[in-house]
Amino acid sequence: MTIVGERARHERLWRVTGSDLEALNEISAAFEKVIGDSSGFSHTDINDVVRLAQGRDAIHDQTGNLPPKLLSLWAHFGDFDRAVNLAYAQEAGHKRQLALTEVAKALASLGKPDLALEIGTSIAHAGDNSFEISEIARTLIAEGHLEHAVELAGLVAKPEKLLTVKLALMRSQGLPGGNKTAENFLTEFMAVAMSAPDSHERGTLLALIAGTLAAIGFPEEGVAVTEQATSLAESTVPKYRAAQSLAGIARTLSKLNELTKEAEEIARKAGQTAASIEDPQERAWSLSLVNSALVKTGQYHLAVQLCNTLKDSGSLGESIAKVITELSDSGQHDLALQLLNEASPLLDRTERAIALADLANALAKTGEPARSADCAHQALQATEDLPEEWGIIVSVSVAWALYRAGFVDQSRDLAHEITEMARTRIDAHAQVGALCAAAKSLNGTCHEKSYSALLRRVKKLVSAELSGYRKILHLCTVADASPPAEARKLLEHAITITEERLHFTERSEALAKIATTLADIGSISRAIEVADKVVESLQLSGSPYEKAWDTASAIRALCAVNDFDKAEELTGTLVESDMVSEALAEIASGLAYSGRIDQATSVAEEIQDGRERDHALRAIACALASHGDRVHALEIAHQIDTKTVAERALSVLAGAFAADGEYDEALLILEEIDTASTRGEALGAVAMELGPTEQGRRYLSEALSLTRWDSLLEAMAAVSPGSLKVVAEHVIAPVTRL
């Protein structure tokens, strides 16, 4: 067991195999051996399991730094096993699905459809990952692997994502069954598109339908759908959403190379809509999509004109950089290079490096290896002055450019260098949450010295961050783990930083977070004062766009101090439906946790967005469970449609049933949870109620095999207090070295 958990052994396995999967497999086998042992389960066993979990999570922290595009590049080098293993070595969840998706798409394009299908199927079995599965399916279609694509399409759960696959198949094969009319399919497809949750996705789906109809011989029907999509987009509020929706339609049509005249006109309308937006910040927000549409439809000059309207907003360089990238992608390389040289003083180092790397890739794709290599090496040189995280991102893009330009050996050498750099990169700031959680678990125990040392180090980490919203988030996290007097001092410091140093666009959200933390630590009167500051700041908001975001922050702050009447009043001033849904979900959740279940239920019924409604229902279910009404809570949890949200509710309910001694019911609930990390947290909750018993230790061990050790600290303290010494050793040792 000790050998399996050794970090030095993990490093040796990495050197030999080129991935961390072998080490992770060894750890999984060790977990299975310990958990499957039918003999007694001691506190020593728990300590061993904790060390295993810490070793596994340390590996995941390293592999999590590997960009998905880097893994797909390894596949293009022909190192299929390494690419797949590196992807599977990612921590279960969103990062692993993204990595696997990129690798599967690479395999599909490299003539390995069976492997791509196998990976796509594993992604589907890991949860509702319709976007990722549809991406792989569309790549399989593009590469001519239709049977594999059809099989994978059967695993796409969300109708709007399945529609994109069906349309891609139709463009490849024509109408199914030799039908001579598109009417039946059009009715079905339009219904799915119109049910899309937001205006941008709705417009994009309608454009896909229109372009597909034109591609298979129904141009008139395609034009009619385009007109309907355009009309809906133009009626969207506020204006920046209308501009984005129009741009999405134009971009989609231009990518399909269908209805090009209509695409050009719609892009122009998007540009006109963006130009009419008075608030520069709101206009800048819309330009990423709008300028892309203009460039893709051959209207580069209009995109540059729109950029120039941002001269006084601080967003000019970013917008110009995106136009350069769009010009590169559209094959207009000389224009891209000209604009890059002319606008160089306006671009920061990161923007220039990204633009150069994008241009290098575009030149490689069109058969200009010498120019591509020149831009690639300029971009690589520029990474020397970038923060490490951005340096890695740009370097991956450069490696791709070199590969596409035919400099495979150079590309492979660079990929090796990036892989090592990314894997060994330690982002100390990303560790703040875990370190604070560990500190809280050590507080009030015999490990007070470790608690104090850990808090001191975390404070130094946060102090090293000079400014920005992230610093406020970290100060709030540290305050939550600190003694009351120190916590209040830290939060007052956070208020001062927010008011004196933060950009005005970040202040309201930062103050809302501070108000929430003050309420959490029991400083209610001060929390109310800070919440009032956020509400008062609405009078200073400079535009409808800015005021809407500040209003959302004010609603969060008011909910933190239980002023739900004022929060509902402010919600009535919001225009965008998604923001209204988020605000109502916040209010419903706050009402539920404050014990006003009937009011919370009424508010939840008003929420239009399904996912936000599910978040509200989760809060109601958890609140009911905390008040002892577990049967009703379970009924509510079973009404939640979003699987991940439902499982998080069920995890809490499992702990609630266990707390009342109903262990059989708790275990039945556990059977409904498929997501490993959530199941682990639920097992931890059950173990915590069982306490320092053999069964408690067994459940805790199984929980540690499924989810991160730092999410189970309360359970560890309840079941095996001695394991906190292992925690202290683990977190203090690396902290001392920093």
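Me: Where is the place of Leu259?
Reply: This is a predicted model: local features need pLDDT of at least 70, side-chain atom pairs count only at pLDDT 80 or more, and totals for chains, interfaces and linings use all residues. Residues are numbered from 1 along each chain as its sequence is written, and side-chain values use heavy atoms, with hydrogens and water left out. Helices (H or I, at least four residues) and strands (E, at least two) are DSSP runs, numbered from the N terminus. Leu259 sits in the loop between helix 14 and helix 15.

Me: Is Leu259 buried or exposed?
Reply: Buried means under 20% relative accessible area, exposed over 50%, and partly exposed in between (1.4 Å probe, protein chains only). Leu259 has a relative accessible area of 12%. So Leu259 counts as buried.

Me: What is phi of Leu259?
Reply: Most residues other than glycine have a negative phi. Leu259 is not a glycine, yet its phi is positive. The value is near 50°.

Me: What is the relative accessible area of Asn257?
Reply: Asn257 is also found in the loop between helix 14 and helix 15 (260-275). Its phi is positive, about 60°, although Asn257 is not a glycine. Asn257 is exposed, because its relative accessible area is 58%.

Me: Which peptide bond is cis, with omega near -5°?
Reply: Most peptide bonds are trans. Look in the loop between helix 13 (219-234) and helix 14 (239-256), where Pro238 lies. The cis bond runs from Val237 to Pro238.

Me: Which residues does Asn443 touch, not counting residues up to four places away in sequence?
Reply: Asn443 lies in the loop between helix 24 (432-442) and helix 25 (448-463). At 38% relative accessibility, Asn443 is partly exposed. Contact means heavy atoms within 4.5 Å. By that rule Asn443 touches Glu448 and Tyr451.

Me: What distance separates the C-alpha atoms of Asn443 and Pro483?
Reply: Along the chain, Asn443 and Pro483 are 40 residues apart.

Me: Are helix 30 and helix 31 roughly parallel or antiparallel?
Reply: Axes are lines fitted to C-alpha atoms, for helices over the stretch in contact, and angles run from 0 to 180 degrees between N-to-C directions. Angles under 35 degrees count as roughly parallel, over 145 as roughly antiparallel, 65 to 115 as roughly perpendicular and the rest as oblique. The axes of helix 30 (residues 544-560) and helix 31 (residues 564-571) come within 8 Å and cross at roughly 165°. So helix 30 and helix 31 are roughly antiparallel.

Me: Is the crossing of helix 4 and helix 6 left-handed or right-handed?
Reply: The axes of helix 4 (residues 68-76) and helix 6 (residues 94-109) come within 8 Å and cross at roughly 30°. These two helices are therefore roughly parallel. A crossing is left-handed if the near helix is turned anticlockwise from the far one by less than a right angle, and right-handed if clockwise. The crossing of helix 4 and helix 6 is right-handed.

Me: What is the radius of gyration of the chain?
Reply: The chain has 41 helices and zero strands. The radius is taken over C-alpha atoms, and the globule rule is 2.2 Å times the number of residues to the power 0.38. With 738 residues, a compact globule would come near 27 Å. The chain agrees, at 27 Å.
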